[in-house]
Amino acid sequence: MKRRLLAAMIVLVPGVATAEPFYLPPGDLLPDTGTGLAEYTVFAPGMRFPLEVGPAYPNSQVYMNGGLFGPPGGQCDAVNYSYPWRDNYCEKRQWDMPLCPAGIGHQGQDIRGPTCEKDKHQIVATAAGQVTNIGSYSIYVTTPAGQRFDYLHGSLDTIVVSINQQVATGAPLVKLSDNMGDTSTSIHLHFNIKQDVAGVGSVYVSPYMSLVRSYEELMGLGNKPPTGNFDQAGCAALTGWAQDPDAPEAVVLVDLYFGGPKGDPNAVPVQVLADRQRDDLCMALGSCNHGFELEAPLSLRDGSAHAVHAYAHDSEGGEQAELPLSPGQLQCEAPTIPAGARRWVISPESLAAWKFSPFWQTIRAPQATVDAIPQDRDLIPAPILVVSDVDPATVWLVDQTFRRHVASPEVAAAWGFDLAAVETWPAADLEALIEGTPVRPQPVLLQGTGPELYMLDDHQCDPAATAVDPLCAEAGTATAGLDDTGMNEGGQISASGGSTDTQATDSVSASSSDGPALPPGYGQDGDGACGCTQPGPSEPALPLLGLLGLLGVRRRR
Amino acid sequence: MVFSSSPARLVTAALLVLGCDPAVDAGPQRAELREAGATPGSRPAPGRGRLLAGERVVRIPRWPATSTIDHAVRERLPAETRAAVDVSPVPVLVPADPTWLARATVFTARGQDGGPGWGYALSARRGEVTLAVQASRIATVLVGVGHLRGNKRLRGVDGFLSVNDGIRTAAWIEHGIAYSLDLECRDPEGPECSDDALREAVEGLVYVGGLGGGA
């Protein structure tokens, strides 16, 4: 109902082409045309809109007027050339599309130009890159980051690029047409973004929100830009505030780009809400909730300076504004590497299965420092969580021949474990596994200068094989030299390359080593997150019991 | 309440009065960000926000044995294409069928620092049919996307087959690298762009070298 009203109002108001809302939400396909994907991710931040000029009307070619399965009428009907935009990524098709809810669907977004005229409107490169293929009716441009943009149905006669040519953002490619080889289609641009996604491979991702953002920038609104300040890029937090003078009470979004400005393919963008109470803003702005605070990512705590650019969103869809004092420089001392052994994360597929985030969870260290840490068995490709049929309250991670206790819902959450996917095993099967150390409070990854990513972990000792296992301290233990805190005795290592600290410690602290402690939540001193405060396997974790009671568990087949 | 006179604001204001949230993109996104940061009653710790476009990780190629290089096919490649193959940071697969190779080009990406880039792209043409292979060593980790296995068998592994406005496309992971092959015909319904033709093209790729290939 709301949607119909919205569409009707937009159609009624002339000149709303540059206003919000000009688009329906992502995943909101026409009724009975498949299951859309409510994907808000902007997969190509900073991209340029693929038509040289607006307006443009992304919507279905198959289910709108004149389409194969659409209402009567023609493809040039005015309704096809009107707002609001309509997502048609994942629209009903019969072919594999692994990221679509149905596993099948339409690969990209169909876009109509300003008018229903062929060979008139210019298609341009959305990002700089290399022309990697030109087919009978397609042009592929691949960026230096490996992201591929596909432009379909341009007129062959109007192509102005060649294979292997380098093109700049906004460079003309071809004119919008109805070319589909020997057959023709409606006059439109079929636009894809194809990229390599960990866990899946090369797939088409939703281009919808990238188109929305780039269209906002293309059309502009001429309203007042957002304002604010990037106060500091501190190691405790990156802080600042932002407000849109056109909507002073509204909460705005802020995008922080780590490692370069918006549009730099190597920059990592993170979005935060500027919604935090800041007493110092109340008087000045007449409104208090405009602050933002972001944790400094572990992967950038390497002693080097990293540029951080902050941009506030315009509440009416205008161009984002870089905040005063942006860029900041984030420079944090390398943290102490927790004791333990390193386990290779064997592939991006495994990384995805474990739900790790290299950006937030990785300590970067000199290769020599990494090499000095004992290498253990490779990390298993995906986590396997089980409970026994006589004790559904105690969740275990099956780690090769070991079972390791997941001590609390907080630990499970920190690892991203899906407690709804816990398997139930016969108690005898579970007890046949050797009891290892509890799962650490939170994952910490480690990377040297090479591409290999490791997870830091406790080495697991098989009591029957301890004599031949150099990483096991003494016979009869299931863990490698753990003290009663659950941490290894001895060595923590500074990620900055300092020497190994061989003094025994009860917990990791900044003062006992070259580097500072890890940020809160990484299981170090003061977190209350080390192994000593958690219930052991024989001591049921009451919160976990309740959670499992609610979730139920799947019985092993 | 004072409204400005712009049509945009009139629409926005009308929607607000009627209980509609005009910020159509903000719902789930904002809720997710709020959950990440705010805790009622106490000063929340700095949040992690939301990684906007995922995060990039590097695939480590598992190089095939040098003995598996198809030297006959390799020798048929034009010299400049062979040179591009030899600097590829991932194993290069090309069509064995010589009719593809006459008009084949290979582009090997370079990183901004001049080092190895994301992989390679091959473009080949045979009459009115275009074949494109792309191989990537730079993957994006996306929140909420775990390990999705394809339901088709391609080159002995699980993969995906799809059609993109008539362009047949296959995707699979081999040697630790994400490969895709697109087959595009002037006649999208023609036999040269059938499912069988796509499978044949995928199965017909052979290994011809790369930086770690020792050719």
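Two strands count as paired here if DSSP finds at least two bridges between them, and the strands themselves are DSSP runs (E, at least two residues; for helices, H or I, at least four), numbered from the N terminus. With that settled, strand S30 (residues 445–447) and strand S31 (residues 453–457) of chain A pair in the antiparallel sense over 3 bridges. Within this pair, Gln447(A) has Leu453(A) of S31(A) as its bridge partner.

A word on the model itself. It is predicted, so local features need a pLDDT of at least 70 and side-chain atom pairs count only at pLDDT 80 or more, while totals for chains, interfaces and linings use all residues. Residues are numbered from 1 along each chain as its sequence is written, and chains are lettered from A and ligands numbered from 1 in the order in which they are written.

Back to chain A: S30 and S31 belong to an open sheet of 4 strands with mixed pairing, in the order S23-S31-S30-S24. Strand S23 (341–344) and strand S24 (362–364) stand at the edges with a single partner strand each, so one side of each is left without a neighbour in the sheet. From one strand to the next, the twist averages 40 degrees (axes are lines fitted to C-alpha atoms, for helices over the stretch in contact, with angles from 0 to 180 degrees between N-to-C directions).

Chain B has a hairpin to look at. Its strands S4 (residues 104–110) and S5 (residues 116–126) run antiparallel and are joined by 6 bridges. Ala104(B) has Ala124(B) in S5(B) as its bridge partner. Between the strands sit 5 residues, and Gly114(B) in this hairpin takes a positive phi near 85 degrees.

Then there is the place where the chains meet. Counting two residues as in contact if their C-beta atoms, placed from the backbone, lie within 7 Å, the contact takes 88 residues from chain A and 74 from chain B. On the side of chain A that touches chain B, strand S16 (residues 268–274) gives the most, with 6 residues. S16(A) also runs antiparallel to strand S1 (residues 50–51) of chain B, joined by 2 bridges, and Gln271(A) stands opposite Arg50(B) in S1(B).

Finally, confidence. Chain A averages a pLDDT (the predictor's confidence in each residue, from 0 to 100) of 83, and 80% of the residues score at least 70. Over residues 1–20 of chain A the pLDDT stays under 50, and the model has 44 contacts beyond four places in sequence for them.
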